[in-house]
Amino acid sequence: MKVRCSEETPRCANCLRRGRPCTYPTVGVSARSERVSDDAPSLFGSDSAVSIPACEQHYARLHDAGAVPPEPVVDELIDQYFSRLHSLPAYSFLHEETVKRRNRERTINDALKLSLCAITALVLGRHEAERDGWARESERQILDQLDEPSIFHLQALLLVIRYRAETAKSRRAFMLAGLAARSAVALRLNYEHPELGPVAQEVRRRTFWSLYLLEDVFCVGLKEFELCRPEIIQLQLPCADIDFGNERETVTGFLQPGMGLEPETLCVRGLFVKLAFTRRSIMKLNRQLYLNEIDLPGLFRAIEHLQSDLRRISSQIAPEDGYPPTSTTAIGLRPQYIMMHMSYRQCQCDLYRIFLSGYPEAAPQRNIEGIKARNIATMRHRCLKSAQEILDILFYYDSQTDTGQVLDFDAAVCTYHAARLVLFGAFSGKGGIDISMEAAIDHAQRSVDIISRRFAFSAAVEPMRDDLSKLIERYRGLIRSSSSEGVYAVDQGPRAQPGVSKAAIIRQRLSVHSLLLRSDFVDDSREAATEPPRDVISGPPLDQPPDWAGPSPATGYLSAAHQQEWIQPPTLLPSQASFPDPGLIGMYDGASIDFSVWSLFPAIFEGMGTGNSVGGEDEQYMY
């Protein structure tokens, strides 16, 4: 493979891309050494021959610095990766037999090997002193070859991003995610590649879908932060693990209907991806409601469309993948099964909580007064019943598996929202769920305990855990004091992001589990000019930031006066035309409804709350 070597020293691009050690022989290199500048005596001896291969010197230095794990450690961590992490949707893109074989042959890509070791060591709580160095060295190798995208480096980058996110490096993770998306489209991973074998095709698909799922770690439903827009995806959904392991080609359908042959049933991995797409659509609808960009007839049309999508997904669940499980023997080994069912019910919670009056993410009562009470009650019951089922699924999983088997970040998100909803439903008496306040608190506390054990390694989960713990204490305090005051009585408004544009804050309501919110990016545009024109820019002096730019030092939230200054967009009145769908007319009493912006509820929830290598030989010879 040295025929096309770029002659870079101490390592060449072709060898790095193929995960091979780059060595230079001690004979026959005089011509090359003459072209090396005289200021590199450490690489070449006086006889113009390499006394010690340069890349081996570099590799030895990394070993000495702890940036490369010993081979026995690599073997163990890779085995643990496929035992503990590979079943999760975010980590399922590697072919186990191939990766383990290449590791035994010591031909595995270095960046991929290091990232595998780093993320596995983090989850297992091992090699605390070394794992940051492994992730850093993997990232360095990827960035060194940024202009030559590779499937192996993309896979390594996905693992590095997850590592950064779980270790409170959310800003770096967010920026690296953009590079990963560029690499994926540069390699054309969003298209099918039928010339490849079934394993290579499935690796491409799963790598891309892992990138697609990564978006939900940062935000959900914000178009400006989408990594891979649905309209560019011409790729089949991931297949079942048994087909992947047996190198069997199958038809799995596509993300959206109408793109190709749609099978009657889908595996849990394909269903999980489709549910992620549906949840994003639901959150986009919720944001439209918040920004007053949809009227009541449009709301009902959107809800009916989303209900149809959920019914279609439910019909594609294979009988053996239904819940409750028909067999209790194999379920504990399949966390992807648990996560799929939690995600399905989270769609129900997100879709129907807008009718849960008094809840922070609900529409204000005046905006739903025209809807028949029995229909509102049905929607509330569906929301709270789904939240209870999420907790039941989590408790079942926890009782069936040891704590070493982790779940993906999304499971913590579903648990967080479900516990909040169950607490609210029990305390308010809305939604018709049969659970006492004491039992609801016990369920919420058990949820906190589970995510504390299952996600002990994750800094990304800490805000959800802490906020839920605070909420439980507030409920307990109300019970002890026999107070009739609602937990949501004090309207503190949403948390403001310091240094962020006012317009951006209005349009980007981020939940507590959004890593974009935790990143605290600061707009330093004020530094672009030393003295802006006073007749153009009015307001406080540059050395005194405006009082809407950040939260109150005392409370961490905007004052009520300043909320009124920037939170309220113009009111949009809906048309009073009849609904096009007769099935929705019965939900509406005919009264004119002021569908103004969602009222902002207390922060107890929201505030706390292309080169020649592209598509070429590198991809053909992946597997």
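How many of the 16 residues of α8 are buried?

1. On the basis of the model: this is a predicted model, in which local features need pLDDT of at least 70 and side-chain atom pairs count only at pLDDT 80 or more, whereas totals for chains, interfaces and linings use all residues. Residues are numbered from 1 along each chain as its sequence is written, and side-chain values use heavy atoms, with hydrogens and water left out.

2. On the opening question: 16 of the 16 residues of α8 are buried, and the helix is mostly covered (buried means under 20% relative accessible area, exposed over 50% and partly exposed in between, with a 1.4 Å probe and protein chains only). Helix α8 covers residues 151-166 and reaches 23 Å from its first C-alpha to its last, close to the 22 Å expected at 1.5 Å a residue, the expected span being 1.5 Å times one less than the number of residues. Helices here are DSSP runs of H or I with at least four residues, numbered from the N terminus.

3. On the two ends of α8: at its start, a side-chain oxygen of Ser150 comes to within 3.2 Å of the backbone nitrogen of Phe152, while just after the helix Ala168 adopts a positive phi of about 65°.

4. On Arg164: this residue belongs to helix α8 and, at 9% relative accessibility, counts as buried. Leaving aside neighbours within four places in sequence, Arg164 is in contact (heavy atoms within 4.5 Å) with residues including Arg136, Glu139, Lys169 and Arg172.

5. On α4 and α5: the axes of helix α4 (residues 71-85) and helix α5 (residues 96-105) come within 11 Å and cross at roughly 175°, the axes being lines fitted to C-alpha atoms over the stretch in contact, with angles from 0 to 180 degrees between N-to-C directions. The two helices are therefore roughly antiparallel to each other, a term used for angles over 145 degrees. Val74, Asp75, Ile78, Asp79 and Phe82 of α4 make the contact with Glu96, Val99, Lys100 and Asn103 of α5.

6. On α10: its 21 residues (198-218) should span 30 Å at 1.5 Å a residue, and the end C-alpha atoms are 32 Å apart, which agrees. Helix α10 is mostly covered, with 20 of its 21 residues buried.

7. On Gly270: this residue lies in helix α12 (residues 268-290) and is buried, with a relative accessible area of 0%. Gly270 touches Leu237 and Pro238, not counting residues up to four places away in sequence; Gly270 and Leu237 are 33 residues apart in sequence, yet 5.2 Å apart in space, C-alpha to C-alpha.

How values were computed:
Parallel < 35°, antiparallel > 145°, perpendicular 65-115°, else oblique. Polar contact = N/O pair within 3.5 Å; in protein donor to acceptor, adjacent residues only side chain to side chain.
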